[in-house]
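Hello,

Here is the structure I promised to pass on. Please have a look at it before reading my notes below.

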Amino acid sequence: MVRGSSARGGLRLEAHKERSTRDPIGMAAAPSTAVLPLDQHAGGAAVPIVAVGDTVAIGQPIAEPAADTSAWLHAPISGRIVAIEPRASVTRACAPALSIVIDNDGREMRHSSARAIEDFLSLEPRELREHIGRGGIVGLGGAAFPTLAKLERGAQASAPTLLINGAECEPYISCDAMLMRERPHDVVHGARILMHALQAQECVIALEDDAPRAADALRAAIAQTENGRIRVQVVPTIYPSGGERQLIASVFGREVPFDGLPPDIGILCHNVGTAAATARWVRDGEPLVSRIVTITGDGVARACNLEVRLGTPISQLIAECGGYTPRVERLLMGGTMMGMALSTDEVAVVKATNCIVAASALDLEPRRREMPCIRCGNCAEVCPAFLLPQQLHVYARATDLDGLERYGLMDCIECGCCDYVCPSQIPLVERFREAKPRLATHLLARDNARAARLRFEERTARLQRLEAEQRQRLEEKRRQARRKDA
Ligand code: SF4
Ligand code: SF4
């Protein structure tokens, strides 16, 4: 890896994407059993609408959203529901999560209710947004935020700008680059659908300068649509330029306020995979039942990108890629900077699974003994969120929640840049990840206490007002009675 920083912090890292991009996107075999955690999106877990023993077809809805921020889940294979029970899941760091389990009948039966919409422009934007929600579409960049919830927020902005994020900055992950290269029409069609759903005036598809083939493919696809409101913008390959806030700054030169979200400044950001999934659902009637996954690392025999049905065990993907090499040391979901370590490969691919790295020592930064902070400032220099990681570290160690709040811990995107450059080998991100839930609980408790105090003050004021009004009425009655007696 090569070190360096930009004006907004960040690092120039070796990409490690050559191995996985040599072959075209392949098709993974359908799993014999699909395990589908109900919490595989941000927000409330979905609620099953099928029962054990039911037969289902591909694309059939099997769980419905439980709240405004939640998502539909559809069957990725045809077969029989054999269990609805907790199973080890990547959504819980390999701990059990309630899941629907389907045994494949091998018939590849497709559900008939999904309708393909030839002319999406004939739909009202609100109708189109609701339809997108029914396709189970979520952000495929890794966060799995329900797309409907994001669109509803974005639609409140007047004439927002749509930013399609193809800046896949993290090393090893190449599923978005391959998608843009091989299926640019899906990305562009999805962008047009999202533009109509949002009534966006302009759309920018942003990607990094290390993906020139993808940029050319997108430009050609845009030219065919003759849509002058969509353009491609290439940004420098600096990790983590694909972070939403970092990309917005890079493309538009604008900052999202720390306590705000992109729609607050009229910009809505969706991943390229999300745009393509939207196109497949709206245009072809295919809900989100599969996604492209990068399988890579020195610990797997063959690196590649595969279109994988949700619910497929990671062990099956590794086997399809020739199995582990003797050098494998660790399994990660995501890239080597922000990825999550998996303790087992007997967990299933979910909507957020963009990459599996079977890492050997060659892929991993050696972790040496932690030493005291020498206040060198390297970490602050590379922090893309403009934080002071060394200071956050002091407060995290002291469990000083007010200090952590003051120094913006919740704005940390856990990119790992500070860790990477720290000469004292301090596991900064690990400390921040541990401290965040404590701070979140503290902030929630404080907000609840404030709300309770406000409610109490409002109630007291209301009672005092009522009492005063009552006294006034009583006084008036007495006056009237006195006048009558007189
Ligand atoms: S403090 Fe957070 S956002 Fe800043 S470099 Fe470290 S991990 Fe990244
Ligand atoms: S990079 Fe490490 S040693 Fe340097 S200031 Fe930050 S925490 Fe301290």
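This is a predicted model: local features need pLDDT of at least 70, side-chain atom pairs count only at pLDDT 80 or more; totals for chains, interfaces and linings use all residues.

Residues are numbered from 1 along each chain as its sequence is written, and chains are lettered from A and ligands numbered from 1 in the order in which they are written.

Ligand 1 is surrounded by 16 residues (a residue counts if its C-beta atom, placed from the backbone, lies within 6 Å). The closest are Cys383, Cys412, Cys415, Cys417 and Cys418. Helix H13 (428-485) gives the largest share of this shell, 3 residues (helices are DSSP runs of H or I with at least four residues, strands are E runs of at least two, both numbered from the N terminus). By class, the shell has 14 nonpolar, 1 polar and 1 charged residues (Ala, Val, Leu, Ile, Met, Phe, Trp, Tyr, Cys and Pro are nonpolar, Asp, Glu, Lys and Arg charged, the others, Gly among them, polar).

Around ligand 2 there are 15 residues, with Cys373, Cys376, Cys379, Gln390 and Cys422 the closest. This shell has 9 nonpolar, 5 polar and 1 charged residues.

As for the strands, S15 (residues 330-333) runs antiparallel to S17 (residues 355-359), joined by 4 bridges (pairing needs at least two DSSP bridges). Leu332 has Val357 in S17 as its bridge partner. S15 also forms a hairpin with S16, with 6 residues between them, and Gly334 in the turn has a positive phi of about 100°.

Best wishes
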